[in-house]
Amino acid sequence: MKRAPRLAALSLLLASCGGVQRPSFSLSTPASGGDALAAVADRVRAAHAEDSAPLAVAVDEDPARGFAVLDVRTGAVLGRVSAVLAGRPYIAGGLVIGRVAGSVVAWTPEGAERWRFADHGLELLGASADGGLVAVVLGGGGVTRRRGELHVRNLDDGASVFVQTVSHALGAPVIAGGSVFLPWDGQNLSVLDARSGAETARLRSRDDVLGFARREGDAVYYGARSLSRLGAASAAGTLDGTPHYRPPAAELPGSPAFALDGYTALRAGLDARERVRLVWRPDPHAAGVAVLHGLVFAVFHRDVFALDAASGALRWAWVSAGDVAGLEVVSSGLLAVDDHGAATLLAPADGHAVWRTRMASQGGQVVLQVPSSFAPARNTDDGPRTALESLLEAAGGSDARLVPAQRFAVHELAAMPGAATTGALVSILTRHTLAPELRAAVGEALATRTEGTDAMLEALEHHADYVRGIEAPPSGYLARALAHAHERRAAAMLVSHLFDPATAVADLAPIVAALRELEDPTSLSALADFVRLYHADVGGVPPAEGGDAVIEREQTDQALLDTAVAQAVEVVARMGGAPEQALLDRVLRNPVVGPDVRAAANRAREGAPPDPQAAAADAGAAPTDMSFEATQHGLSGEQIETAMSARRAEVLECLRGAPSRPAQLRVVFRYDGEGAVTRVSVLPEVFEACVAPIVGAVQLPASDVSRALGTWICATAQ
Amino acid sequence: MTTFAGRARAPGFVYPSAMRIAGVLAAAAMVQAGALRAQPLRPGVSTTAMVHPSPEPPPEWDLGNSADTLARIARAATGDPRRGALEISSALLAGVEPQVAAAGLDALGVLARPESADAILRFLDHRRASLRRRALIAAARLRTPAMLRAIEQRLGDPDADVRAEAARTLADVADGPAVRALWAAFEHDAGTGLGSEGSSLLQESAHALGARGTVEDMDHLLTFLRRAPFGALARAFDAALRRPDLPDAPKLRIVQALAGLATPQARELLQQIADERRARPTPYVEAARAAVARIQ
């Protein structure tokens with residue numbers, strides 16, 4: 001460090017102590033210069049960072065049942081406390097510090113109360129210990145609640161060193177090298193003398209939020225949406241002027257922030273903010289500002305995704321048996337503790353488990369204090385695994401809460417090249433426990449792949465069989481994908497599914513469209529047969545046992561069937577000759593033929609293009625534009641979801657008081673190019689009378705379709 | 001008292017819906033059905049040198065006019081059987097309204113001509129379950145190996161009524177492979193619960209096994225006592241005991257097994273056996289009578 005700036009900093013410090021004395025947290029205190037901040041950083045660097053024992057505090061989901069302190073290395077319980085916690089506890093200097101019944105209390109790992117002081121009705125935001133002192137901040141309620149207390153006390157007996165009560169929102173403190181580092185009001189980071197409370201330096205952000213301070217090794221970091229390392233460059237007060245790390249933008253499940261809001265206290269026992277978040281640890285040994293292993297970990301209940309810190313690319317995924325209750329990055333990997341008490345250390349390279357132990361006590365919230373050097377001896381036989389394997393695991397499962405994470409995994413899978421990935425997507429798609437929205441996501445991901453068609457063909461080889469326990473394959477999605485891949489071997493299989501009554505009616509149009517795209521001449525006769533069989537298939541049938549005619553097909557299914565027949569009419573007209581033209585004439589003469597089929601036959605006879613999408617496909621447009629079904633060339637699922645979600649609360653009111661609440665409502669409707677919704681049907685039907693008028697009033701975005709079918713799956717979980 | 005054989009379709013099924021669709025067709029069907037009642041099932045038809053129907057409407061048939069088509073089906077069903085089967089099959093393959101298709105399939109069942117095979121096979125895969133059921137009935141009238149294999153496949157149909165209809169149909173015509181398919185269906189549903197009766201597929205496949213199985217099949221069915229719903233097994237045993245081709249020994253084993261159960265349902269079935277065969281005492285009827293007296 002240069003001598004001149006150091007002297008300048010010292011003179012500034014003396015001036016502030018003697019001449020222009022301002023109270024700590026004064027809004028008029030100017031931001032410190034680079035030298036002052038460098039001096040602070042030097043003091044931290046010079047101070048010896050105390051290595052702490054790896055401890056875990058397992059808080060029961062019912063915080064009234066207290067908590068247990070555990071040795072992470074062995075899983076053994078060191079002590080238990082039966083106090084009713086009023087907020088998330090913290091570990092500082094080997095003590096557990098929590099808030100109970102009007103007091104902040106410090107317990108030893110064995111569970112003995114060491115000291116306490118009054119909380120004055122404020123929530124516990126954080127605690128940090130170093131050099132025999134502990135800093136505790138009370139406040140909470142977010143950055144707009146401008147009231148807080150900073151306590152600095154002797155770690156051993158809790159004797160007060162100083163207390164500062166301020167009209168500012170305080171964040172969690174860090175104490176290191178004789179200084180207390182405290183973010184406040186979302187914009188400032190004050191450095192206070194740990195003995196006197198005098199403010200010795202001030203960092204003010206001019207273009208970002210300051211939400212946390214964190215000590216790692218010989219460095220102090222700060223930030224909120226990004227991570228900066230305290231030093232001379234911090235004086236710039238802008239991200240541009242300060243070396244920093246900012247995670248790349250990524251659509252992560254649950255959209256977690258880079259760091260938890262440091263101004264809002266966390267609840268005890270189970271706080272959802274800890275279940276959906278990003279976890280990372282600064283690497284003080286790396287040049288500049290970096291995170292350990294170059295990875296940021298996204299947690300979503302049971303799923304953990306390891307993301308490249310620089311690119312945001314997914315490296316691997318891991319699915320915990322239980323909800324992840326505690327997570328910490330260490331030099332040997334990622335330590336995860338689930339709510340069943342299973343602790344697992346995951347290798348940073350691929351996420352396979354290298355160490356496991358069972359905690360003797362479990363909790364919905366596990367607070368960890370684990371030094372970066374934590375590296376237990378390997379005790380598993382788990383081998384390395386590929387990213388594909390880990391993503392396949394993350395994309396599966398039947399836990400409905402994990403659908404956003406599963407969708408993310410599918411999205412990441414889709415981005416991976418190779419036939420093996422296609423096989424993985426097919427295997428996911430053929431799981432019949434798959435949530436409908438996830439099925440759509442997988443199907444869409446599959447639809448654009450050209451590698452690995454063998455897996456798709458293999459899936460299509462199966463036909464539903466009740467006795468043999470085989471369910472119908474998702475032939476619609478497979479048809480789209482195989483057409484995109486121009487896999488002509490699929491034609492015969494698709495024809496067989498076209499005539500299989502177990503094939504979902506919604507899959508028929510994609511199959512017909514795929515046969516059109518494959519242009520296999522042998523499918524012409526099959527498509528003509530399909531038109532013959534179903535063009536007049538309207539109305540009821542008397543049961544075999546006798547009685548009145550029964551209309552056994554729902555209106556929605558009839559519409560879907562008509563769509564498929566209409567498409568087949570167009571394909572037959574395009575590929576066929578005179579016999580097929582005679583068939584179309586007969587279709588037109590039949591008075592019972594539905595309007596969609598009739599319109600298609602009219603277009604075909606007049607020589608008009610089959611439909612705009614087919615014309616686009618002929619002109620070389622992307623195969624994804626193929627008119628498989630109405631919604632796929634009209635509005636996207638997201639557009640429909642966005643428009644419908646605005647009325648979701650009203651729709652859910654229809655379920656109030658219902659004797660049985662379904663997991664979801666399936667709403668099918670027609671819409672036109674101006675976004676008007678008509679002919680709404682709802683499953684379960686019992687809710688249709690109430691839901692249909694609400695959905696019918698929704699204004700969808702305008703699109704280029706004349707008329708199309710749309711589907712909205714309304715999840716009913718609150 | 002429940003009659004365990006009561007749900008089975010009588011051999012002379014008269015296709016009542018066809019009567020509802022058009023009076024002309026109804027009359028034709030009744031004529032045919034009357035003839036069928038007096039006769040046992042036809043032997044399997046040969047498909048050699050068969051003329052296949054065209055998927056185009058027969059000349060002068062206006063398939064867009066359902067009333068006219070129904071009338072033409074009725075006439076075709078009462079005229080030359082071969083030509084009638086070809087005309088009706090062509091009409092069905094060319095595409096008609098579902099109520100017309102139902103009548104046409106009923107008529108093809110009555111005609112039982114090999115020329116109907118293409119149309120029947122097509123409708124065995126139709127999306128309407130009601131038409132698949134009718135196609136099953138018509139397929140059973142043909143009794144060709146190809147039809148039997150097609151009927152077997154419908155045991156795995158997605159619709160429960162069609163599955164049951166397939167099993168019910170096989171009770172009349174099942175051969176060895178079909179019996180094996182029936183066993184697969186029976187064993188699939190034997191463990192699915194649904195009370196003392198079991199699923200409709202279980203009941204109908206049990207009945208078909210009782211009606212068409214071998215002596216070994218009867219002994220195998222006995223191993224399901226206490227493991228499968230009794231209602232379904234009762235239908236199997238009732239069908240087996242009614243068979244003139246089955247020796248007395250397996251019948252006696254069935255009665256003895258039922259007597260060993262000593263449950264009210266078993267007693268009810270034994271009572272039925274004893275009552276219905278009072279005039280024809282055989283060892284198994286005597287055993288049933290003795291068991292009824294013993295079971296309280």
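Q: How many bridges join β29 to β31 in chain A, and which way do the strands run?
A: This is a predicted model. Nine bridges join strand β29 (residues 664-672) of chain A to β31(A), and the two run antiparallel.

Q: Which residue stands opposite A:Gln664?
A: A:Ala715 in β31(A).

Q: What's the strand order in that sheet?
A: β30-β29-β31 in chain A, an open sheet of three strands with antiparallel pairing. β30 (677-683) and β31 (707-715) stand at the edges. Each has a single partner strand, so one side of each is left without a neighbour in the sheet. The twist averages 20 degrees from one strand to the next.

Q: Which helix lies across those strands?
A: Helix α13 of chain A, residues 555-575. It lies across β29, β30 and β31 of chain A, at about 135 degrees to β31(A).

Q: What span should α13(B) have, and what does the model give?
A: Its 12 residues, 230-241, should span 16 Å at 1.5 Å a residue. The end C-alpha atoms are 16 Å apart, which agrees.

Q: Back to chain A. What do β10 and β11 form?
A: A hairpin, with five residues between the strands. A:Gly158 in the turn has a positive phi of about 80 degrees. Six bridges join β10 (residues 148-154) to β11 (residues 160-166), running antiparallel. A:Glu149 stands opposite A:Thr165 in β11(A).

Q: New topic: how many aromatic pairs over all chains?
A: The structure holds 15. In one of them, A:Phe305 and A:Phe408 have ring centres 4.8 Å apart and planes at 75 degrees, so the pair is edge-to-face.

Q: Where do those two sit in the chain?
A: A:Phe305 is in strand β22 (residues 303-308) of chain A and A:Phe408 in helix α5 (residues 403-415) of chain A.

Q: Which residues form an aromatic cluster?
A: A:Phe212, A:Tyr245, A:Phe258 and A:Trp280 form one.

Q: And which ring does B:Arg163 sit over?
A: The ring of A:Tyr466, with the charged end 3.5 Å from its centre. B:Arg122 lies over the face of A:Phe499, at 4.2 Å from the ring centre.

Methods. Residues numbered from 1 in each chain as written. Chains lettered and ligands numbered in written order. Predicted model: local features only at pLDDT ≥ 70, side-chain atom pairs only at ≥ 80, totals over all residues. Heavy atoms only, no water. Helix = DSSP H or I, 4+ residues; strand = E, 2+ residues; numbered from the N terminus. Expected span 1.5 Å × (residues − 1). Pairing = 2+ DSSP bridges. Axes fitted to C-alpha atoms, helices over the stretch in contact; angles between N-to-C directions. Contact = heavy atoms within 4.5 Å. Phe/Tyr/Trp six-rings, centres within 6.5 Å; stacked < 30°, edge-to-face > 60°. Lys NZ or Arg CZ within 6 Å of the ring centre and 35° of its normal.
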